[in-house]
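Please read them with the sequence and the model side by side.

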Amino acid sequence: MIVTTEIEMDDAPSADCIIEQCLNLEQPRSFFLYAGAGSGKTYSLVMAVKSLKDRERQRLTFEGRQIAIITYTNAARDEIARRLEFDPLVVVSTIHAFSWKMIQGFNDDIREWLRVKLANDIAELDDKIRRARQPNKTSLANQASRDSKARRLNDLDNIPTFTYSPTGDNRGRQALNHTEVIQMAAQFIPEPPLLNILADRHPVLLIDESQDTNGPLMDAFLRVQAQVSDRFCLGLLGDMMQRIYNDGKERLDESIPDDWAKPEKRMNRRCPTRIVDLINVIRANADTHQQKPKPGAIEGTVRMFCTQQAPGQDFSLEARIAERMAEVTGDPTWASGTAGRKTLILEHKMAGRRMGFEGVFTPLYNVDHLRTGLLDGTLPILKLFFERVAPILQAAQKDSFTLMEAVRLRSPLLDPSYMKDAPDQLALLEKVGSAVQTLCELFSNDHDPLIEAVAQVLFETSLLDLPDRLIEAMLAGATDEAPPETTDREALETHAYRMLLGRPYSEMAALADYADELSPFDTHQGVKGLEFPRVMVIINDEEAGGFLFSYDKLLGVKPASEIDIRNERDGKDSSLSRTRRLLYVTCSRAEESLAIVVYTAQPEVARASVIEAEWLTADEVVMI
Ligand SMILES: Nc1ncnc2c1ncn2[C@@H]1O[C@H](COP(=O)(O)OP(=O)(O)OP(=O)(O)O)[C@@H](O)[C@H]1O
């Protein structure tokens, strides 16, 4: 068998060889990798670091220095660290963790930065409050925010040490929030002493998904590189066409200095030829980087289904489309239910409707300060149900030994120190057994109890600890009333939990399935970096209800606004270019076949415009 290497297959000198040459501790050269979807950026990153470690292990160890890698998500961090065998010579972190590691301990600088920032924010809010004609929801919120900032400013000198956790709640007067840490890092890193600390600690810094790295922070890294280029290598991996978050640096590629290496990977190793062609035409509107499929790539299938059906009503249409895809592709897995494909929706609530968890999701999502914890699953109320109640109920389906083990690991009643002090251990065990039985009985005969009933059992039996705010909500009782007209965070949070209490437990279970990332649904943005054999992209502006993206504009159903046209003409970002990039990301996830489902008021127009733009042929667009 003849083994063809990438060097032979690619018309450009191998990008991986160029990167390897750049990672030279004697003569470092920074680089910016041009690489489209599925071109193996993660592979290149891992290979480059492995080779550097092999060459320079002794020296890096002796000098106590580490190669640093910044990833976009915790999942990507874990994956890259795993592929590098958790080697202590390499530190892999998210941008938040990396920024904090750099600024942590500089308490005086942090305090002074906060002093200026808080004073500026207060002055801005004072101005807004002054200009509000009469008190309204916004002015009341501004006043509350102003008062809280003033309290924080007054208290600054009493805080000797600031704290921060990239994955935690960051509550308490000494805690910094995510935005502050990023902003401070952007300001401190390009100046001594952090400039030298960074270059001394990490002679090589590689940033994955660099197109979405916070803009000011990216500027800071570029400034560091410009000042210490003889002893610091900055490697940027990413794809400008996959910039889908708003704070990434616009036109990063144009800011790259001439003396950097600019390797390019042109081969798409993921998608079939038909999909490579499709993403090439979508991309052609944005830049000149085109890809070729890997040798021996399958042909693959693309279909677009355009419908006028009102959004969010009947999802059996999507099941019927999946059946059509099974016929067209000859792949029966398409028709095997939602688990047989990956369905990409624009907003989590759209998954909520399709998976049946909207009733628990929406009340939490509507409270600003709960949103992050909801989306990353760190909200204490979710942890209670996802990590404690659900495993106990699952164990109850097996045998009594598994059940008691699940309870032992989670119940405060079976905590060794609590048990040790219990006057009658046998009675305690009986109490636990009866509590578990009461909990399980709620679900007997396929009954779907209200979340309130489940919480009540946990509370009355003390089987599990409940978050204080949930207990407050239980005392007030379940509700389906609209949230109160207030800016009081605690009142809004308690109200959201009261709404949740009135929902069936099955909705919480569905949300848990969605959160564990094994669900067949994900958002357009959430699948960055991932790949799936069968992908169904749902395009539905009305159901998504957002304003940053507009597929109707991209597909010619709605005219672009004057601002969009002006922005496009001036090479600035617009809802058209943002949506085009998002479509590029979603379509390029498919390894075998792709169905694009377009819900729109004018399906004929959408059809005509994709055919005219030569994205798809007439045969590939189905009116349904
Ligand atoms: N050198 C290689 N040889 C064979 N397969 C490869 C190679 N590099 C990458 N692949 C495979 O190609 C696919 C795409 O790689 P990867 O996910 O790293 O691409 P990517 O550039 O990060 O993509 P995207 O930006 O679209 O997320 C993966 O299935 C990966 O295993």
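This is a predicted model: local features need pLDDT of at least 70, side-chain atom pairs count only at pLDDT 80 or more; totals for chains, interfaces and linings use all residues.

1. On the overall fold, the secondary structure of the protein chain comes to 28 helices and 14 strands. The radius of gyration is 27 Å, which is close to the 25 Å that the globule rule gives for 624 residues, so the chain is as compact as a globular protein of that length. Taken along the principal axes, the C-alpha atoms fill a box of roughly 75 × 65 × 65 Å.

2. On burial and surface, 49% of the 624 residues in the protein chain are buried, and the accessible surface comes to about 29500 Å², with 50% of that area belonging to carbon and sulfur atoms. Among the contacts between residues at least 6 apart in sequence, 75% join residues that are at least 24 apart.

3. On domains, the assignment divides the protein chain into domain 1 (6-103 + 184-264), domain 2 (107-161), domain 3 (273-346 + 524-623) and domain 4 (358-515). The C-alpha centres of domain 1 and domain 4 lie 43 Å apart.

4. Some backbone details deserve a look, and the background to them is that most residues other than glycine have a negative phi, and most peptide bonds are trans. Which kind of peptide bond joins Pro192 and Pro193? The bond is cis, with omega at about 0°. Pro193 lies in the loop between α8 (178-188) and α9 (194-201), and Pro192 likewise lies in the loop between α8 and α9. Pro192 has a relative accessible area of 55% and, because the cut-off for exposed is over 50%, Pro192 counts as exposed. From C-alpha to C-alpha, Pro192 and Ser14 are 37 Å apart in space, and they are 178 residues apart in sequence.

5. Is Glu209 buried or exposed? Its relative accessibility is 15%, and because buried means under 20%, Glu209 counts as buried. Glu209 is not a glycine, yet it has a positive phi of about 50°, and its place is in the loop between β4 (204-207) and α10 (215-227).

6. Ser462 also has a positive phi, near 60°, in a residue other than glycine. Ser462 sits in the loop between α20 (451-461) and α21 (468-476), and with a relative accessibility of 33% it counts as partly exposed. Thr461, by contrast, lies in helix α20 and is buried, with a relative accessible area of 15%. Leaving aside residues up to four places away in sequence, Thr461 touches Leu413, Lys431 and Ala435.

7. Finally, helix α13 (residues 348-355) has His348, Met350, Ala351, Gly352 and Arg354 as its buried residues. Just after α13 comes Gly356, which takes a positive phi of about 80°.

Definitions and conventions: Residues are numbered from 1 along each chain as its sequence is written. Side-chain values use heavy atoms; hydrogens and water are left out. Helices (H or I, at least four residues) and strands (E, at least two) are DSSP runs, numbered from the N terminus. The radius of gyration is taken over C-alpha atoms; the globule rule is 2.2 Å times the number of residues to the power 0.38. Buried means under 20% relative accessible area, exposed over 50%, partly exposed in between (1.4 Å probe, protein chains only). Contact means heavy atoms within 4.5 Å. Accessible areas come from the Shrake-Rupley method with a 1.4 Å probe; for residues, only the protein chains shown count as cover. Domain bounds come from an automatic or database domain assignment.
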